[in-house]
Structure formats: structure tokens, C-alpha cells
Amino acid sequence: MALKRITFEKTGKPKTVTSRQNFKTNNMANFYCKCCGSKNSSIAGLTSSSCSKNPEGKHHALYEGSEKSQYVCKYCGSKNSTITGLTSSSCSKNPNGKHHSPAM
Ligand SMILES: [Zn+2]
Ligand SMILES: [Zn+2]
């Protein structure tokens with residue numbers, strides 16, 4: 001017996017490809033501007049584009065909250081299903097700008 005034949009079995013257990021679906025929207029895929037609701041797939045892309053509604057600067061400002069089914073204005077409590085919808089309405093209580101601003 002000069003030759004030792006060793007058979008390597010595949011030790012890897014079968015991976016479930018579908019397990020990725022469990023992550024769903026926990027992994028935030030999109031970034032939004034808190035001033036106008038513009039959507040971008042990267043923060044860099046978002047903040048390098050100009051924003052017409054940002055009272056503090058020329059570019060979109062990142063909305064740092066999570067994606068929600070409903071967004072609430074942090075100054076007056078108005079609700080909207082999108083940031084775009086919320087920020088396109090004027091707010092009488094926002095000290096920094098004319099429009100509603102989403103709470104985090
Ligand atoms: Zn914007
Ligand atoms: Zn408001």
C-alpha cells in the first residue's frame with residue numbers, strides 16, 4: 001500500500017440562499033434628504049446634489065432617521081407617508097425653514 005488515498009468529503013453544510021431575505025428593510029438601502037425627501041442610494045450621492053429646500057445649505061441634508069411608513073413633522077406633528085410629501089407642505093412652526101421637517 002504505497003498510495004494512501006484520502007477522500008475529502010465536502011464538509012460544508014448546504015447554505016440556505018434564502019436566508020438573505022430575512023434582512024428585508026433593516027438594511028437601509030436608500031438615503032433621503034430631510035429637507036425635500038430626495039432619495040439616493042448613497043450618502044455621498046445625496047449630499048453632493050443641490051437642494052432647493054435646505055434652509056441651511058445648498059445641498060441635500062441626510063435624514064438620519066429610519067425608513068417609516070409615516071413621517072411626522074417634529075415641529076407641528078403633521079403626518080405624511082413620504083418625506084417628499086411632508087416637506088412640500090409649509091409649516092408655521094418650523095423656526096429654521098418654511099416646510100415641515102421629519103422627526104427621526
Ligand atoms: Zn433636499
Ligand atoms: Zn410642521
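Guide: Let's start with a rule: a residue counts as buried if 20 or more other C-beta atoms lie within 10 Å of its own. Keep in mind that the model we are looking at is predicted.

Visitor: What makes Ser38 count as buried or exposed?

Guide: Ser38 has 21 C-beta neighbours inside 10 Å, so it counts as buried. You'll find Ser38 in the loop between β1 and β2.

Visitor: Which residues does Ser38 touch, once those up to four places away in sequence are left out?

Guide: Ser38 touches Tyr32, Cys33, Leu46, Ser49, Cys51 and His60.

Visitor: What does Cys36 touch, not counting residues up to four places away in sequence?

Guide: The list is Cys51, Ser52, Lys53, His60, Thr84 and Thr87. As for distance along the chain, Cys36 and Pro102 are 66 residues apart, while their C-alpha atoms are separated by 10.0 Å.

Visitor: Thr87 came up there. Where is Thr87 found?

Guide: Thr87 is in helix α2.

Visitor: How do you know whether Thr87 is buried or exposed?

Guide: Count again: Thr87 has 29 other C-beta atoms within 10 Å, and the cut-off is 20 or more, so Thr87 is buried. Leaving out residues up to four places away in sequence, Thr87 touches Cys35, Cys36, Gly37, Lys53, His99 and His100. Thr87 and Lys98 are 11 residues apart along the chain, and 8.9 Å separates their C-alpha atoms.

Visitor: And Tyr63, what makes that one buried or exposed?

Guide: Tyr63 has 23 other C-beta atoms within 10 Å, so it is buried. Tyr63 is in the loop between α1 (43–47) and β3 (71–72). Beyond its neighbours within four places in sequence, Tyr63 is in contact with Tyr32, Cys33, Lys34, Ile83 and Pro102. The C-alpha atoms of Tyr63 and Gly37 are separated by 8.3 Å, though the two are 26 residues apart along the chain.

Visitor: Which residues make up the largest nonpolar core?

Guide: There are 10 residues in all: Phe31, Tyr32, Cys33, Cys35, Leu46, Tyr63, Tyr71, Cys73, Ile83 and Leu86. β1 (31–32) and α2 (83–87) are the elements that give two or more residues to this core. Leu46, one of the core residues, is in contact with Phe31, Cys33, Ser38, Asn40, His60 and Leu62, leaving aside its neighbours within four places in sequence.

Visitor: How many helices and strands does the chain have?

Guide: The chain has two helices and four strands, in the order β-β-α-β-β-α along the sequence.

Visitor: What share of the chain's residues is buried?

Guide: Of the 104 residues, 17% are buried. As for contacts between residues at least 6 apart in sequence, 37% join residues at least 24 apart.

Visitor: What is the confidence, or pLDDT, of the chain?

Guide: The mean pLDDT is 85, and 75% of residues reach 70 or more. Residues 19–26 are a stretch to note: pLDDT stays under 50 there, and the model has one contact beyond four places in sequence for them.

Key: Residues numbered from 1 in each chain as written. Chains lettered and ligands numbered in written order. Predicted model: local features only at pLDDT ≥ 70, side-chain atom pairs only at ≥ 80, totals over all residues. Buried ≥ 20, exposed ≤ 12 C-beta atoms within 10 Å, placed from the backbone. Contact = placed C-beta atoms within 7 Å. pLDDT = per-residue confidence, 0-100. Core = buried A, V, L, I, M, F, W, Y, C linked by C-beta atoms within 7 Å.
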